[in-house]
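Subject: Structure for your review

Dear colleague,

Please find below the structure that I am handing over to you. My notes on it follow directly after.

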Amino acid sequence: DLFAPGSQAPAAAPATVAPSVVVGAATEEAERAQAPSADSASPPPPAPVEDVRTEVERLINSLRSRQGAGKPATTKAVKALGQIAKTSANRALITDAGGIGALLSVVTNDGGIDLKRRAVGILGQLASGNKLACDAIKKAGCISPLLEFVTTAGNLGENDEDGGQKLRLAAAASKALVVIAGDDGATRATISEALVVLFSTTSPPTQTQALQALGAFVRKAANCDAIVETGAIPRLVEIVANGSEIGQRSAAKVLARIAYDARKSAVIIAAGALSPLVTVLRNGKADDKAAAAHALRSLAHDHESKAAIIAAGAIEPLDGMQKYGTPTCKQEAAKTLHALGERVLDGGCRSQLRDENATLKRKLEHYEPKVVDLTQDDD
């Protein structure tokens, strides 16, 4: 009797577990191991609107309380508002809470140049894409101090006392002016003159930022007219000829936008723009070459302008760009060559190209007798 008193019961056989159950348990364990715990780092959820509104109001009240010009509390509040103003919803909260007036008080009264620059930048942010905010900023009286920052910086250099900071403030003010009042006919001429003053500075970084602001300004046809009337075209041509690499590129882009009709194209060509643009085509880096090709295409409005561009020697470097350039260079060169050939080849330039082809043939014929047939045996 297997279960007689004193005998031991046999050990129970191990239970057989279905393979699918084992795999399922392992999978669940792996998922639990990979799932983030409550303590793991993750991006914080956006703060509730009411919390942001409360913080905005606190910061603006801090500016209004005038806790000391340039004191840490003022600086901290402006920096915090700059961070909050990165979204359109938050910019609306700042505007609704009276932020424009508080920031203007920093611009006009507080002594720190860098603090003014930050406040100017926020005003530009508030105005971006918001006509109501633009109108409110203009009504508050912001245009006059912004213009002053720009126009008084024209004779400054990076090495002047506070010159670097003032130039950076002027650059920020130029960008804000274009955003806030770039469509305003009442200030168009004044802003045009201020931008010309700023991009004529001897500071390459400031010049570049001023040219970028100018590039945004001349997106409007009426603003292009205003810039031409200031006599700025020769200065832009000079920058294409002798400016820094980014300055040349920026100036070429501005010229391309200004040359939206044959009259302005003629003004730019008369100012001597073709030769430096062709030089950039030959010697510039890829982005510079693409900008120069675009500018030449923008200048090619009629037979006269196209003939002048071809006579300036643009065909050869454009052809090289189309064959060997970067994808962007190839595209810009192809468009420009097409623009030059579409109407000009049936006119006076056909004979010029025919003459150039005949000259090349004569050169080849001159060297042809000197070609040696290496397949022949020497006598």
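A residue counts as buried when its relative accessible area is under 20%, as exposed when that value is over 50%, and as partly exposed in between. Gly-141 has a relative accessibility of 36% and is therefore classed as partly exposed. Please note that this is a predicted model, and that the values below are computed from it.

Gly-141 sits in the loop that connects helix 7 (131-139) with helix 8 (143-151). Its C-alpha atom is 9.3 Å from that of Gly-101, although the two residues are 40 positions apart along the chain.

The chain as a whole

The protein chain contains 21 helices and zero strands. It has 379 residues, of which 39% are buried. Of the contacts between residues at least 6 apart in sequence, 67% link residues at least 24 apart.

Helix 5 and its surroundings

Helix 5 (residues 99-108) is mostly covered, with eight of its 10 residues buried. The buried residues are Gly-99, Ile-100, Ala-102, Leu-103, Leu-104, Ser-105, Val-106 and Val-107. They pack against helix 2 (49-64), helix 3 (72-84), helix 4 (88-96), helix 6 (113-127), helix 7 and helix 8.

Two of these partners, helix 2 and helix 3, also pack against each other, at an angle of about 145° and with their axes 9 Å apart. Their crossing is left-handed. On the side of helix 2, the contact involves Val-52, Glu-55, Val-56, Leu-59, Ile-60, Ser-62 and Leu-63; on the side of helix 3, it involves Ala-73, Thr-74, Ala-77, Val-78, Ala-80, Leu-81 and Ile-84. This contact of helix 2 with helix 3 comprises 11 nonpolar residues, two polar and one charged.

Helix 8, another partner of helix 5, packs with helix 10 (residues 188-199) at an angle of about 30°, their axes being 8 Å apart. Helix 8 is therefore roughly parallel to helix 10. Leu-147, Val-150 and Thr-151 of helix 8 touch Thr-190, Ile-191, Ala-194, Leu-195, Val-197 and Leu-198 of helix 10. Seven of the residues in this contact are nonpolar and two are polar, with no charged residue.

Helix 14 contributes Glu-245, Arg-249, Ala-252, Lys-253 and Ala-256 to the contact, and helix 17 contributes Asp-287, Asp-288, Ala-291, Ala-292, His-294, Ala-295 and Ser-298. By class, the contact of helix 14 with helix 17 has five nonpolar, two polar and five charged residues.

His-294 of helix 17 also features in the surroundings of Glu-332. Glu-332 belongs to helix 20 (residues 327-344) and has a relative accessible area of 14%, so it counts as buried. Apart from neighbours within four places in sequence, Glu-332 is in contact with Ala-290, Ala-293, His-294 and Arg-297.

Yours sincerely

Technical notes:
Residues numbered from 1 in each chain as written. Predicted model: local features only at pLDDT ≥ 70, side-chain atom pairs only at ≥ 80, totals over all residues. Heavy atoms only, no water. Contact = heavy atoms within 4.5 Å. Helix = DSSP H or I, 4+ residues; strand = E, 2+ residues; numbered from the N terminus. Nonpolar A, V, L, I, M, F, W, Y, C, P; charged D, E, K, R; others polar. Buried < 20%, exposed > 50% of the residue type's maximum accessible area, 1.4 Å probe, protein only. Axes fitted to C-alpha atoms, helices over the stretch in contact; angles between N-to-C directions. Left-handed = near helix turned anticlockwise from the far one by under 90°. Parallel < 35°, antiparallel > 145°, perpendicular 65-115°, else oblique.
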